[in-house]
Amino acid sequence: MSLKTISQNRAFGGVQGVFSHASEATGGEMTFAVYLPPAAQAGPVPVLWYLSGLTCTHENAMTKAGAQAWAAEAGIALIFPDTSPRGEGVADDAAYDLGKGAGFYVDATEKPWAPHFNMWSYIAKELPEVVFANFPLIRELQGITGHSMGGHGALTLAMTFPEVYRSVSAFAPIAHPTASDWGRKQFAAYLGADETLWRPHDSTLLLREKGYPGEILVDQGGADQFLDLLKPEALAEAAAKRRQPMTFRMQPGYDHSYFFVSTFMADHVRWHAEKLAAL
């Protein structure tokens, strides 16, 4: 698949690029960002996927999370995908938490969403194929993280494909979406009324049922204004009952913003780099 280069900028000795391509999964043009650290000049490097939250594009974390500095230090590439399909003919909703910017990392089966809202297939299959075909300096040694809706996506993808995502972390994930208005609304719209189809996209349920073969890192702001929607206590309880190796940190005073994400980004990038370097 051919790429269109939108921009390239020098950053911390590496290169931050933004690209677009025609997507079969979403039926339109998709944009994503790639950061290659200085270490890529000497050979292939591992990669950390960052999935963003509601209302975001590829640009939010790329410009606000401060990840490039730590990725350059750790010698790890970064990928920032978009959160939904875009463009004319793509279904949308007046609410911020449904439609464009709110793909929820699922493959929609219901009208009007099904033709384009296939973010699960896009992130799990199509975009990695595009990346590895076009960026030979990125190894197929992958970790995944994300914030809020993106934390939900990171956890569910990692627990579904642990052989692919060899490390996983999350910032303030939507941890129990089948029991939250951030989840039930979107799953009903995208997947229909059969709640058995929602279960594979709930990290708390996945943790109860199958877990993850490695350790999980989760940071949650103690002053997060969306705590009742995120339900981090459900994820922590599931980990305790399963005896799942997890570092769960409730960070006092931090909210849901990118000030929170950027504060702990260094910890997450270094954590992934260490996990991937050990393989």
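Tutor: Helices and strands are DSSP runs numbered from the N terminus (helices: H or I, at least four residues; strands: E, at least two), and axes are lines fitted to C-alpha atoms, for helices over the stretch in contact, with angles running from 0 to 180 degrees between N-to-C directions. The model is predicted, so that local features need pLDDT of at least 70 and side-chain atom pairs count only at pLDDT 80 or more, while totals for chains, interfaces and linings use all residues. Numbering starts from 1 along each chain as its sequence is written, and side-chain values use heavy atoms, leaving out hydrogens and water.

The crossing of α2 with α9 is right-handed, meaning that the near helix is turned clockwise from the far one by less than a right angle. Helix α2 contributes A67, W70, A71, E73 and A74 to the contact, and α9 contributes M265, A266, V269, R270 and A273, where contact means heavy atoms within 4.5 Å. By class, the residues of this contact between α2 and α9 are eight nonpolar, no polar and two charged (Ala, Val, Leu, Ile, Met, Phe, Trp, Tyr, Cys and Pro are nonpolar; Asp, Glu, Lys and Arg are charged; the others, Gly among them, are polar).

A second pair consists of α3, residues 119-134, and α4, which pack at about 55° with their axes 12 Å apart. Because of that angle, α3 and α4 are oblique to each other. The crossing of α3 and α4 is right-handed. On the α3 side the contact involves W120, I123 and A124, and on the α4 side T156, L157 and T160. The residues of this contact between α3 and α4 divide into four nonpolar, two polar and no charged.

Helix α8, residues 232-242, may be described by its faces. Its buried residues are P232, A234, L235, A238 and A239; buried means under 20% relative accessible area, exposed over 50%, and partly exposed in between (1.4 Å probe, protein chains only). These residues cover an arc of only 160° around the axis, which puts them on the same side of α8, the arc being that of the directions from the helix axis to the C-beta atoms. An α-helix has 3.6 residues a turn, so residues three or four places apart point the same way. On the other side of α8, the residues E233, A240 and K241 are exposed. The buried residues of α8 pack against the helices α4 (149-160), α6 (203-209) and α7 (227-230), and against the strands β8 (216-221) and β9 (246-251). After α8 comes R243, with a positive phi near 60°.

Most residues other than glycine have a negative phi, and most peptide bonds are trans. S148 also has a positive phi, near 60°; this residue lies in the loop between β6 (138-146) and α4, and counts as buried at 3% relative accessibility. A172, not a glycine either, has a positive phi of about 45°. The place of A172 is the loop between β7 (165-171) and α5 (181-191), where A172 is buried with a relative accessible area of 0%.

The loop between β5 (77-81) and α3 contains P112, and the peptide bond from K111 to P112 is cis, with omega near 0°. S84 is placed in the loop between β5 and α3 as well, and is buried at 0% relative accessible area. Leaving aside residues up to four places away in sequence, S84 touches M30, G99, K100, G101, A102, G103, F117 and M119. From S84 to F117 the separation is 33 residues in sequence and 6.7 Å in space, C-alpha to C-alpha.

Finally, S52 is in the loop between β4 (45-51) and α1 (59-64), buried with a relative accessible area of 1%. Beyond residues up to four places away in sequence, S52 touches T57, A61, T83, Y105, H147, M149, G150 and Y258. S52 and M149 are 97 residues apart in sequence, yet 6.7 Å apart in space, C-alpha to C-alpha.

Terms used. Parallel < 35°, antiparallel > 145°, perpendicular 65-115°, else oblique.
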